[in-house]
Amino acid sequence: MSLFERAFNFIGKNKIIVFTALAVLTGLVGVGLSKARFDSDVFLMLPQDPGLQRDIEFLRESNFSDTVAVSLGLEDAGRTLEELVSAGDVFQGALGAPLVTSVKGSLPQTDILADLAVFMRYLPQTFDSSDIEDLGSKINADYIRQRLGAVWRQALMPSVSLAMSFSRIDPLGLSARFFKTVQRLHSSLGYDVSVKENHLVSKDDRHLLYILQTPIRMTDVAGSRRLLEYLKQKTSALPGYVKALIVCGHNHSVSNEDIIKKDIFFTSAAVSVVFLAVFLIFFRDWRAVLMFFMPAVAVVFAAAICAVFWGRLSYFIVGLGAVIVGIADDYGIHVYSTVRQRGPAASSIAPLVKPLISAALITCSVFASFFLSAVKGYHELAMFAIISIIICLVFSIFLLPHILKRSDAALEEKDAPAPLKKPKGDFFRVLIWLAFMAVCLAGIKNFHFSGDVLLLDGSSAGVLADEKKFHDIWGGKNKPALLVATGSSEDQALAVNARLGRLAAASIGEGFIGLDYLLPSQDVRQQNYRRWEEFWRSGRADQLRVFIKNEGRRFGFSSAAFMQFFGGLYSDKNAYEQAREQPLFKNLCERFIYEKDGSWQVLSFFPDEEKYVGRVANLLVGVPGSFLVSGKSISKKISATVNSEIARLSVASLVFMVILLLICFRSIKLAVLAFIPVASGLAALVGLLPFFGVSFNAPAVIAALVVVGLNIDYGIFMVYTAKAELYPETLRATFLSAFTTVAGAASLLLAKHPVLYSIGFTLVSGLAFGCLAAILIVPAMYRLWFIKVPKIQSA
Amino acid sequence: MAQITVQKIRLLAAVLLLCPLAWAADEKKPAQAPTREILSQIEKNMAGITTLSADFVQEKNLAAFQNKLIIKGKIFLAQPGRLAWHVDSPMKYSMVLDNAKVRQWDADSNQTQEMSLDRTPAVGMAIEQMKKWFSGAYSSLENDYRISLLSEKPTEFEFIPRDGNSAGKFISVVKVRFRPDCRYISRIFIVEKNGDTTDLVFNEAQINTKIPAKAWQCGPVGSQ
C-alpha cells in the first residue's frame with residue numbers, strides 16, 4: 001500500500017475527528033482574520049526600486065501629502081466677499097488639534113512697513129557680488145532723479161501714502177528682487193491666489209482658500225476617515241450661501257478603500273452565487289457545494305497565514321480572493337468528478353494525484369516566480385495564492401473524497417480509459433486558431449505598458465469632480481517638479497541648495513524657483529554683508545545722500561524723507577534671525593525646509609518638463625543625497641522598472657514551465673502542445689487590451705502571469721486527456737474548472753476600482769481564450785500530429 | 001539715557017492703563033441704530049450707481065514733502081471694478097484700474113506702465129482701501145471699523161479700524177462726508193498712523209451718465 005493510500009485511509013477512518021477539528025479551526029481563523037489590519041495602499045502594487053521608493057516616500061512624508069486644501073465659495077450672487085470672509089474666519093476659528101494642527105488662510109496681521117524695515121536690514125546678506133556691481137551703477141544723479149520721480153508720482157495716486165512710505169524705506173527699489181522671489185515662492189505650488197481682506201482670495205473674488213496641516217498621513221485610512229468626518233462637521237456649520245470643497249490625498253485613500261471594500265463584497269457575492277448555481281445545476285448533488293466551500297476555506301486560511309506573516313493584509317490581495325477560489329476549485333472539481341464516477345476509494349483517486357500535483361506545482365511555480373519581482377504586493381499575492389492552492393489541493397485529495405459518494409447513474413463502460421475520437425474538421429479548427437493568433441499579434445504595435453500612477457487611483461467620481469472644480473477655481477493642476485538639496489545641518493543643506501539653485505536657475509531660467517537667493521548659507525551671508533558694508537563705507541553712502549538731497553529738492557522732498565533708509569543701511573547682528581521670525585519668511589521656511597531624522601532638505605521648484613528634468617538630473621551627478629522628484633519621471637521610472645520586471649518574470653516562468661513540462665511529458669512535441677493555451681491567452685491579451693482601451697499597468701502584469709500559469713494547467717490536462725491517460729470525465733471536469741476560473745476572474749469585471757478591473761479584464765481575456773484553445777485546439781493538434789504514431793496513442 | 005528710561009516706563013504705564021479701555025472700546029459692537037439706518041440708506045442709494053464722473057481736489061499733507069501737495073483732476077467710476085483717475089495739476093498723470101490690473105501714465109516720462117496689484121502689495125492695499133470707500137458698501141465694514149455718525153447734516157461718518165484689521169497698521173481714522181442728497185460722497189479725509197493726511201473732495205459729480213470711452217485710456221488722450 002502506497003504512502004498516499006495509507007494517509008488517505010487513515011483520514012477516512014478518523015473523518016469525524018478530522019472534519020470537526022477543521023470546522024473549529026476554520027471558525028477560529030475566521031474570527032482572527034476579522035481582527036487583522038487591512039490596508040488599501042496602492043503603492044504596494046508598484047516596484048520597490050530604491051529611487052522610485054525614495055521619490056514616493058518623499059512625497060508622502062513631506063508636508064504635501066499631509067495638507068488639506070479647503071475652498072469656501074459663495075453660492076449666492078448677492079453675497080459679498082466680506083460676508084464670505086466673516087464665514088471663513090468662523091470656520092478657521094473652529095478648527096483645531098488634534099486633527100488640524102495649523103490653518104493658513106488669513107495672513108498674519110503684520111505691519112507691512114515694519115516688516116519691510118526688518119527685511120531691508122536682512123537684505124545686505126542676500127546681495128551677491130553681481131547685485132553690488134548693479135547697485136554701483138545706480139549711484140548717479142540721473143538714476144536717482146528717475147527713482148525719485150517715480151516715488152513722487154506715487155503721491156498723485158488716489159490713495160493713502162502707504163506706497164510712498166514703502167519707497168521712503170527703499171528709495172532705490174533694492175528689495176524688488178527679494179519680494180519678487182518671495183512672491184514666486186508663495187505661488188510655487190501653482191495656485192492662482194491673490195490677497196484681499198488679508199485672505200487668500202480667488203481671481204473672481206468669490207472663493208477663499210485655506211491650507212490645513214494635519215498630523216494624519218494620507219496612508220492612514222482610519223485617521224483620514226476621522227479627519228474628513230471632522231471637516232464635514234465643521235463645514236456643515238457654514239452659512240447656507242457658502243459651499244466648501246475639500247481637496248486632499250485623504251479623500252483618495254478613503255474613497256479607494258470604500259470602493260475596494262464594495263468591490264470585494266460584490267465580486268465575492270457574485271462568485272458565490274455563480275459557483276453554487278453552476279455546481280448544483282451541473283452535478284445535481286448538494287455535496288457539489290463543497291467544491292466551492294473548500295477553496296473558500298483554503299483562501300481564509302491562506303489570508304490568515306499571510307496576515308500573521310506580513311503583519312497586515314492588502315485589500316488588493318484579498319480582492320483577488322475570488323480569482324484564487326476560481327483557480328483552486330479546479331482540483332476539487334476533478335476529484336469530485338472522479339469520485340462520482342468511480343467511488344471514493346484511494347484506488348480511484350490515485351491516478352488523479354500525479355496530474356493534480358503537476359498542475360498545482362506548475363501554477364505555484366508561476367506564482368513563485370513573483371518572488372523574483374521588485375513589487376512587494378506580488379510577493380504577498382504569491383504567498384497568498386500558493387498557500388491557498390496547496391491547502392485546497394490537500395483538501396481535495398485527502399478530505400473531499402470522504403464526504404462524497406459514487407453517483408447511481410455512473411456508467412460502468414466509462415471505467416476504462418479511452419482515447420478521444422477523431423472529429424472532423426481538425427485542420428480547419430487549427431487554421432481558424434492560427435488566423436486568430438495572427439490578428440491578435442498584429443495588434444502588438446498598440447500594446448504598451450502604462451506606468452501612470454493616476455490610472456491606479458479608483459477614487460469616486462465625486463472626489464474627482466470636486467478636484468476639478470477646485471483646480472478650475474485655483475489652478476495648480478500642473479504640479480512642478482522638485483529639486484531636493486540635502487545636508488546634515490540646515491546650513492549645509494542651504495549651501496548645497498544655493499550651489500544647485502544657481503546652476504539650475506542658469507540652466508532653466510525664470511521657471512526655476514528656490515530659496516537660493518533668499519537664504520544663502522551662513523558663510524555666504526557673512527561674505528555678502530562684508531561686501532555690502534565695504535561698498536557703502538567706501539564713500540557711496542555719502543555720495544547717495546548728496547544725490548538724494550539735490551535731486552529730491554526738485555520734487556519737493558523734505559530733508560528727512562529718506563532718513564529711514566540711511567538709518568538701516570548697516571544692519572545689526574540679529575538681522576537674519578529677526579527676518580526668519582517674520583511670519584512671511586517663517587511661512588516660506590516651513591514650506592521649503594524640512595528636517596527628518598537629523599537630515600535637512602531644502603526644496604526648489606521647476607516646470608515638470610522632460611528637458612528641465614533632464615538638465616537638473618545632470619546637475620545632480622556627483623552631489624550625493626540630493627535628488628529630484630517629478631510626477632512625470634515617477635511614471636517613467638515605474639514603466640522602466642516594470643518593463644525589466646516583465647522581462648525577468650517572463651524568463652523565470654518560462655524556464656519553470658519548460659522544465660516542468662519536460663518532466664511531465666518527456667517529449668518536446670507534447671510540451672509544445674501543452675503550451676498552446678499559454679500562447680493563445682497571451683495573444684488575446686496583446687490583441688484585446690488595446691482594442692478595448694484597457695491599460696496594461698503594473699497590476700495587470702501579475703494577472704498576465706496568472707494567465708500563463710493557469711493556461712499551462714489546462715494545456716497539461718488536455719494533453720493527458722488526449723493521450724487518454726485520464727478518464728473521459730476529466731474532459732468534462734476540465735471544461736467546468738476552466739469555466740469556474742474564468743467566472744471567478746469575470747467577477748472582477750464588476751469591480752469599480754481600476755486595479756481590480758484591469759486585473760479582471762486581463763484574466764478573463766487571457767483565460768477565456770486559453771481555455772478555448774485548450775479544449776478545441778490541443779486535442780485537434782494532438783490528433784493532427786500524433787495520429788500516425790501508434791506508440792503514443794496506445795500509451 | 002536715564003531720561004529715556006523714565007520716558008519708557010511712563011509710556012509702558014500709560015499703555016498698561018489704557019489697554020483695558022482700548023480693549024473694552026474695541027469690542028465688536030454694532031453701530032448705533034440711527035447710524036445703521038443712515039448707513040443702510042446711503043448704501044441703498046449708492047448701490048444704484050453704475051457710473052460716476054466728478055472733478056476732484058486731493059490735498060496731501062505728507063511727511064516726505066516740505067509742502068502740502070494739491071492734486072486736481074477728474075475721476076471716473078464704473079461698476080464693477082473700473083476706476084480712472086486723471087490728474088491735471090501739478091502734472092498730467094493718469095491711472096486706470098481694470099479689475100486687478102493698473103495702468104499708469106505721466107507726462108514727464110510719457111510712458112504707460114502696467115502693473116498687477118497682486119505683485120505690488122503696497123499699491124494694491126492702498127487702492128483696495130480707496131475702492132472700499134468709493135463703493136458705498138459700508139455696512140460690511142462694521143467688523144473691521146468702529147463706525148460713528150459725526151453729523152447728520154451734512155451726513156458724515158467716522159471709521160476707526162478695529163484691532164485685527166490690517167488697515168489699522170497704517171490708518172488712524174477715515175472720515176467720509178456725503179452730498180446733501182446722500183447719493184454719493186462729497187469728501188474723504190484720511191489720517192494715517194505716521195501723521196500723513198489725505199483730503200479728497202469731489203465736485204460736480206454726475207451719476208449714471210455715459211462715460212466717454214477715452215476716459216478709460218491711459219495716456220495723454222485719457223487725461224484731456
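The legends below describe close-up views of a predicted model.

The model is predicted, so local features need pLDDT of at least 70 and side-chain atom pairs count only at pLDDT 80 or more, while totals for chains, interfaces and linings use all residues. Residues are numbered from 1 along each chain as its sequence is written, chains are lettered from A and ligands numbered from 1 in the order in which they are written, and side-chain values use heavy atoms, leaving out hydrogens and water.

**View 1. The largest cavity has a lining of nonpolar residues.** A cavity is a set of points, on a 1 Å grid over the protein atoms alone, where a 1.4 Å probe fits but cannot get out; lining residues have an atom within 4 Å of a point. The count is 5 cavities of 30 Å³ or more, and the largest holds about 60 Å³ of space (the space filled by probe spheres set on the points, which are joined across faces, edges and corners). Its lining includes L320(A), F367(A), I702(A) and L763(A). Helix 14 (321-342), helix 27 (698-722) and helix 29 (754-786) of chain A each give two or more residues to this lining. Helices (H or I, at least four residues) and strands (E, at least two) are DSSP runs, numbered from the N terminus. The lining has 11 nonpolar, no polar and no charged residues; Ala, Val, Leu, Ile, Met, Phe, Trp, Tyr, Cys and Pro count as nonpolar, Asp, Glu, Lys and Arg as charged, and the others, Gly among them, as polar.

**View 2. Helix 25 and helix 26 of chain A are oblique to each other.** The axes of helix 25 (residues 631-665) and helix 26 (residues 668-691) of chain A come within 9 Å and cross at roughly 125°. Axes are lines fitted to C-alpha atoms over the stretch in contact, with angles from 0 to 180 degrees between N-to-C directions. Angles under 35 degrees count as roughly parallel, over 145 as roughly antiparallel, 65 to 115 as roughly perpendicular and the rest as oblique.

**View 3. A cis peptide bond joins S89(B) and P90(B).** Omega of this bond is about 15°. P90(B) is placed in the loop between strand 3 (82-89) and strand 4 (93-98) of chain B.

Notes
On a 1 Å grid over the protein atoms alone, a cavity is a set of points where a 1.4 Å probe fits but cannot get out, and a pocket is an open set with protein on both sides within 12 Å along at least five of seven lines; lining residues have an atom within 4 Å of a point.
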